[in-house]
Amino acid sequence: MIPTFQIILAFIGSLGFSILFNIKGRKIWYAALGGMVAWMIYLLGGLWLSSEMTQYFVSAIIVTFYSELCARIEKTPATTFLTAAIIPLVPGRALYYTMSYAINNRIVEFADYGSYTVSIAVAIAAGIMVASSLFRIFFALRSYEYRHH
Amino acid sequence: MLTKELLSYIMDIGEQMLVSGAEVNRVEDSISRICKAYDAKRVDVFTITSSIVVSLQSKNGNTLTQTRRILKYATDLDKLDRLNNLSHYICAHKPEAEYISNEIEKIGSRHKYGPNVQYLVYGVIAGTFTVFYGGDLNDAVVSAAIGMILKSVITFIQRLDKNVFIVNILCSFIVGLLGVLLVRTGIGHSFDKIAIGNIMLLIPGLALTNSIRDIISGDTIAGLLRLCEAILVALSISFGFGLVSVFVGGMFK
């Protein structure tokens, strides 16, 4: 499929979820844009990163940074943006194939796809973890400096 | 001055935050900040996904303890945002208990997206992700229709039984069944794409993200609980689809 089209779909998907999660006002657009950014970074990552897991990892890092920045601008918890923006990365397809192989008793494929699904989830989790830890440290440092000068 | 009544309102704020989708760390932090703002000498807050316990010691030596049991979650990020602002306001201005209770009521009764919008959004999301993962136009239409039916099914089942696993098993069962029927009649083309589009609606994305965030902030117990819940939801979605294959016999090609 044409990547541009897919990026637009990621935008619509995240937009839908931000309405489902009852985000209000212009925050919806921040969240939807986040979903678009997530998939864009994922696709761009495919151009020079060798493994798919790194693509998910890098994408999750960027999206978390984006959400934390938006949260600072809009003065709201970062969860507001991160939740909807991370949606295009969620391994729905992989989860589906894992389970369909399990049902069809194709053990080898099941094990393959199962570990693939788990690795995606871990890669995304690790990305969020790294980015929000860095953000925490950064802001702790800033408020530390603020207090001591 | 910290009274029983005031603490109960503070617990309300914490409870509502947790229910609407806040991380455990944020809930604990908000409650203890508010209590400190009202001159508590010592505050101990313990929150996991299903319970909040607050014990505080006021300046004159009284100890107050209250707990809340959380049974149901309903993601509402706008509510979370407002509660977050309210708790900042309380810390800065220390208003009367009455003011807090009014504000909580106001937040509880504010405008939400109506059912029509919700149905539409369910359809749009299901259709969008079907195409996103490679389905064609027919698949998108079928998927959107199933997505809207899914919304009504969720509303209906939740009235009968609030158990998350039962709701998810039944929902994915109905999605699978409708998908198979519509593909066999020739309206939809690929069952897998249709199913994936609808799975995106059921998948516990928020629980997963929040569980990781809880674990990073040091709330390991809460994070692991949420993670287990997310995994169980994923499993129950698979059970639902498994059930379909029992009924129709080998739908997955």
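Predicted model: local features only at pLDDT ≥ 70, side-chain atom pairs only at ≥ 80, totals over all residues.
Apart from residues within four places in sequence, A:Phe17 is in contact with A:Ala84 and A:Ile87 in chain A, and with B:Ile125, B:Phe129, B:Met200 and B:Leu201 in chain B.

A:Phe17 also belongs to the largest nonpolar core, which holds 113 residues. Together with B:Ile13 and B:Val54, A:Phe17 touches the most other members of that core. The greatest contribution comes from helix H1 of chain B, residues 4–20, which supplies nine residues. Domain 1 (4–108) and domain 2 (115–248) of chain B both contribute residues, so the core lies between these two domains.

The contact between the chains can be described next. Chain B brings 51 residues to it and chain A brings 48. About 4300 Å² of area is buried between chain B and chain A, and carbon and sulfur atoms account for 71% of that area. Two salt bridges are found across this interface. B:Asp78 pairs with A:Lys24 in a salt bridge, where the closest N and O atoms are 3.7 Å apart.

Chain B also carries an annotation from a database record. An unreviewed UniProt entry marks residues 116–134, 140–157, 164–182 and 224–252 of chain B as "transmembrane region". What is the helix content of the chain over residues 116–134 of chain B? There the chain is 89% helix and 0% strand, with its end C-alpha atoms 28 Å apart. Residues 164–182 of chain B are 100% helix and 0% strand, and their end C-alpha atoms are separated by 27 Å.

How values were computed. Residues numbered from 1 in each chain as written. Chains lettered and ligands numbered in written order. Heavy atoms only, no water. UniProt positions renumbered as here; feature names shortened; annotations may be inferred. Helix = DSSP H or I, 4+ residues; strand = E, 2+ residues; numbered from the N terminus. Core = buried A, V, L, I, M, F, W, Y, C linked by side-chain atoms within 4.5 Å. Buried < 20%, exposed > 50% of the residue type's maximum accessible area, 1.4 Å probe, protein only. Domains from an automatic or database assignment. Contact = heavy atoms within 4.5 Å. Buried area = accessible area lost by both parts, 1.4 Å probe. Salt bridge = Lys/Arg side-chain N within 4 Å of Asp/Glu carboxyl O.
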